[in-house]
Amino acid sequence: MNRRDIFQKTGFTLLALCMAANIVFLGTILWFIVSRGLPAISWEFLTAAPRDAMTAGGIAPAILGTLYLTLGAVIVALPLGVACAVYLTEYSPKGWTVNAIRISVNNLAGVPSVVFGLFGLAVFVKGAGFGVSILSGSLTLGMLALPLIISASQEALIAVPQSIREASLALGASRWETIRKVVLPAALPGILTGVILSVGRAAGETAPILFTAAAFYLKGYPDSVFSEVMALPYHIYALMTEGTHPEAQTRIAYGSSLVLLALVLAMSMLAIYIRQRQRRTYHA
Amino acid sequence: MNTPKERFIKLLFTAAAFSSLALLAGIIIVLFREALPVFSFVSPLAFLGGESWYPTAEPPEFGIWPLIAASAWVTGIALVICVPLGVGSALYLHELAGPRQRAVLKPVIEVLASVPSIIYGFFGMTVMAPFMQEAFGLPIGLCALTAGVILGVMATPTVASIAEDALGYVPRSFREASFALGANRWETLVKVIIPAAGSGISTAIILGMSRAIGETMTVLMVAGGAAVVPASVFDPVRPMTAAIAAEMGEAAVGGEHYHALFAIALALFLVTFVFNAAAELISRRYRLKLGLAR
């Protein structure tokens with residue numbers, strides 16, 4: 001082997017090690033959360049409310065709260081996000097408006113989540129008077145998910161071949177009919193992927209709900225959109241930073257982390273699966 | 001085709017499209033409105049450069065230099081980890097992995113990217129911090145280094161996936177020309193592909209950095225929380241995001257502390273805004289350079 005081959009061999013080995021590091025990271029995190037979380041999981045853990053000062057019982061209110069908040073975020077962000085993407089790809093007159101919107105979407109995606117939290121606090125909790133509530137939290141998470149849904153939907157819409165739009169228009173369909181009956185159905189799997197991914201993101205976010213929705217402990221379940229709510233990510237944070245029984249609380253925090261991780265990873269794997277299946281149909 | 005119904009529907013979509021613009025404008029307006037009152041009781045220079053952050057003392061002191069330094073330290077440590085690992089993974093995926101490997105490895109990176117930050121924070125607190133404490137003989141494992149390492153792990157998939165996209169834009173002909181001149185695969189990679197994808201890779205690094213600076217829960221749980229200018233990587237620190245998240249709950253709305261925290265958020269927003277704008281600009285010019293303007 002000459003020097004050039006040795007360089008190449010060493011270089012490629014280094015690259016393989018970098019890639020392997022990702023697998024090691026993921027494996028380590030999964031290993032600790034699963035192996036320490038599983039013992040905490042039981043039917044009661046998933047379906048009962050916490051008791052004995054958060055040292056026993058279950059996390060059902062937190063699971064339910066996360067579902068409420070995420071659902072609320074989707075209701076806020078999905079119609080707006082898809083409509084924005086449709087405008088950008090289907091109607092967009094080239095010009096400064098489209099550029100301004102595109103730049104704002106890119107920048108929104110980079111805004112730190114804690115800044116969204118402050119925005120929600122100032123605008124929804126205080127300004128609009130919704131208080132610390134499901135409504136404020138959902139709106140805040142929706143704002144956070146909006147740029148994600150827009151860019152995913154845009155990508156899905158761009159991937160729809162131009163020819164089928166032209167075919168539809170040639171048959172006399174109007175622009176709206178073309179969008180509704182041809183373009184959107186074709187882009188649906190892609191949009192769905194984006195929605196699922198942003199749902200996973202919203203479900204795991206903590207900083208935006210710190211001041212807008214979350215409570216450490218609530219007696220009973222929320223009864224309206226103006227109630228405070230328990231949520232899985234905040235529950236984990238609170239268990240680790242508040243309270244007086246660190247050992248019992250850490251155990252519950254491991255269980256809660258496993259539930260949250262399972263929820264989020266199930267969604268991202270579903271999204272990956274849908275996308276890979278979709279890719280196969282396009283290439284077929 | 002221009003019936004009133006069609007025009008009305010177009011109007012609806014236009015309105016929805018402007019929502020993102022309105023939201024960004026709203027964020028900027030709210031941040032400025034809630035942050036600017038801070039300068040009625042502390043000068044901009046004393047705010048940014050002051051070394052004492054005692055917001056609840058009597059009289060309170062609002063110098064955020066320790067928080068800025070903390071953010072810079074943990075982000076710097078994160079970069080040391082996420083740049084080589086992220087770019088290396090992207091090169092591996094692009095150059096060496098066959099379709100079968102890619103089908104497994106790309107999802108690994110995506111799944112790693114979708115792990116919520118609270119889980120990273122929790123993992124850092126319960127596994128990483130005790131490990132660091134043991135390994136370096138520290139009094140407490142919650143410090144700038146621990147937080148930086150975890151942030152680096154979190155930012156790696158971000159860097160990897162954006163850098164991989166950038167590598168995909170390099171035209172095939174570049175590679176073929178290099179092979180034709182007798183270069184082997186490694187030489188082609190280092191001397192042709194990486195330089196050609198250079199600005200795309202820098203976009204990836206900037207966005208990874210932006211992600212690390214804005215990350216909240218991890219640093220809140222793992223960085224240690226002391227608002228002191230760090231002297232070593234083993235010192236506990238309180239980055240800007242952690243200060244906001246930890247203190248906003250107890251700050252009275254409309255009080256000095258509240259406005260000071262909004263001012264930190266504004267500073268944070270401006271920094272990430274500049275990073276994102278730079279990334280956008282670089283990647284646009286990059287696509288132009290390779291003739292891929294879109």
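The crossing of helix 7 of chain A and helix 8 of chain A is right-handed, a term used when the near helix is turned clockwise from the far one by less than a right angle. This is a predicted model, in which local features need pLDDT of at least 70 and side-chain atom pairs count only at pLDDT 80 or more, while totals for chains, interfaces and linings use all residues. Residues are numbered from 1 along each chain as its sequence is written, chains are lettered from A and ligands numbered from 1 in the order in which they are written, and side-chain values use heavy atoms, with hydrogens and water left out.

The axes of helix 7 (residues 162–170) and helix 8 (residues 175–204) of chain A come within 10 Å and cross at roughly 145 degrees. Such axes are lines fitted to C-alpha atoms, for helices over the stretch in contact, and the angles run from 0 to 180 degrees between N-to-C directions. Helices (H or I, at least four residues) and strands (E, at least two) are DSSP runs, numbered from the N terminus. The residues that make the contact (heavy atoms within 4.5 Å) are set out below.

| Helix of chain A | Contact residues |
|---|---|
| Helix 7 | A:Ile164, A:Arg165, A:Ser168, A:Leu169 |
| Helix 8 | A:Arg175, A:Thr178, A:Val182, A:Val183, A:Ala186 |

By class, this contact has five nonpolar, two polar and two charged residues, where Ala, Val, Leu, Ile, Met, Phe, Trp, Tyr, Cys and Pro count as nonpolar, Asp, Glu, Lys and Arg as charged, and the others, Gly among them, as polar.

Chain B has 12 helices and two strands, and along its sequence they follow the pattern α-α-β-β-α-α-α-α-α-α-α-α-α-α. The C-alpha atoms of chain B fill a box of roughly 75 × 70 × 30 Å, taken along the principal axes. Of its 294 residues, 55% count as buried, that is, under 20% relative accessible area, with exposed meaning over 50% and partly exposed in between (1.4 Å probe, protein chains only). Among contacts in chain B between residues at least 6 apart in sequence, 70% join residues at least 24 apart.

In general, most peptide bonds are trans.
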